[in-house]
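Please examine the structure shown below. The paragraphs that follow lead from a ligand to the elements around it and then to the arrangement of the domains.

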Amino acid sequence: MNKTYVLYFSPVGTTRLVAEAIYSGFGMKDLTVIDLCDPLEREKAIEFTNEDLVLMVFPVYAGRVVRIPRYYFNNIEGNGAKAITVVTYGNRAYDDALYELSKLAVDSGFEQIAAAAFVCEHSFDIDLAKDRPDNEDIEYAKTFGRKSVEKLDVMDAEGMNLSLNAHGVMKIIPGNFPFRTQFRHDFGGPLVPETSSECISCGKCARDCPVLAIPSDNFMTTDAKKCITCFRCIRKCPVSARSIPLKDFVDHAKWLTDTYQDRKEAEIFL
Ligand SMILES: Cc1cc2nc3c(=O)[nH]c(=O)nc-3n(C[C@H](O)[C@H](O)[C@H](O)COP(=O)(O)O)c2cc1C
Ligand code: SF4
Ligand code: SF4
């Protein structure tokens, strides 16, 4: 293997924990870790080689992978690099998201060798998958990382015929193509955060927004065309001044909490 890369997008931070656990399971010291919440990182073109290994970890939004890789993957060239595709989700379902991420990787020239779906605390800050990934998830993620590298070693030494579908995606990945339409509920207004008078104008939300949807000179507004409703500004504001107070959304969040309490376990595909 030449180089190992980790590409992750983690607005609230749970996806990052899963990514870190997986790559700690690789047992490698020399890794390039790229945080794609930084818009500047997403502008950098990368040409991988067929000797490289690339771990990609992204959250599920409304039954699809967050839309970031749909654009970002135009900037990178797999050139036969091996890809491990992973989604995180908030204990409802990952629907077609893992298939979608895997297909995006294959379409960008990667060869998929392993995949997984991990449950993480729901971004909405509701009582759903609270405090996950927990110790059990983290240990499983490390094991997944170790097993993925072992598989790669066997492939390098003995060759291995991967069982792929017509899209070049591993046949065992669940999901359907064409992908499901992203859920779109009518919440009676755009699903973007509002800022209350509690705001102390610290600027953290504008600096940290992964899509630059909050103007740096006006923290009271949010660009609804840019906002991906990732909840980062809501969860990280030091005085809890950001929220989505729409009643229909609050009701929906309560419904999710009531409906999806049964613990789901991580799934790995090797
Ligand atoms: C807009 C939005 C939509 C989401 N849709 C789903 C979903 O369809 N299914 C699910 O189980 N979790 C869903 N989640 C939860 C996230 O996938 C999950 O909490 C993820 O771990 C967040 O990653 P982060 O902490 O790195 O930001 C959604 C979260 C957001 C913000
Ligand atoms: S992080 Fe909170 S307090 Fe700081 S500018 Fe944004 S809304 Fe205001
Ligand atoms: S403004 Fe939207 S995209 Fe930006 S951090 Fe807040 S929720 Fe995320």
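For the classes used here, Ala, Val, Leu, Ile, Met, Phe, Trp, Tyr, Cys and Pro count as nonpolar, Asp, Glu, Lys and Arg as charged, and the others, Gly among them, as polar. On this basis the shell around ligand 1 divides into 11 nonpolar, 11 polar and two charged residues. The model in which this shell is described is a predicted one. Of the 24 residues around ligand 1, those that come nearest are Val12, Thr15, Gly90, Arg92 and Cys120.

The shell can also be read by its secondary structure. At least two of its residues are supplied by each of α1 (14-26), β4 (53-61) and β7 (82-89). The largest share around ligand 1 comes from β4, with three residues.

A residue is taken as buried if 20 or more other C-beta atoms lie within 10 Å of its own. Both faces of β7 are covered: one side carries Lys82, Ile84, Val86 and Thr88, the other Ala83, Thr85, Val87 and Tyr89, and all of them are buried.

The pairing of β7 involves two strands that can be traced in turn. With β4, β7 pairs in the parallel sense over seven bridges, and Leu53 stands opposite Lys82 of β7. With strand β8 (residues 111-119), β7 again pairs in the parallel sense, here over eight bridges. Thr85 has Ala115 in β8 as its bridge partner.

The domain assignment of the protein gives domain 1 (4-180) and domain 2 (194-246). Their C-alpha centres lie 28 Å apart. Nine residues from domain 1 and seven residues from domain 2 take part in the contact. On the side of domain 1 that touches domain 2, the residues divide into six nonpolar, one polar and two charged.

A second ligand remains to be described. Of the 14 residues around ligand 2, Cys199, Cys202, Cys205, Phe219 and Cys237 come nearest. By class, the shell of ligand 2 has nine nonpolar, three polar and two charged residues.

Definitions and conventions:
Residues numbered from 1 in each chain as written. Chains lettered and ligands numbered in written order. Predicted model: local features only at pLDDT ≥ 70, side-chain atom pairs only at ≥ 80, totals over all residues. Near = placed C-beta within 6 Å. Helix = DSSP H or I, 4+ residues; strand = E, 2+ residues; numbered from the N terminus. Buried ≥ 20, exposed ≤ 12 C-beta atoms within 10 Å, placed from the backbone. Pairing = 2+ DSSP bridges. Domains from an automatic or database assignment. Contact = placed C-beta atoms within 7 Å.
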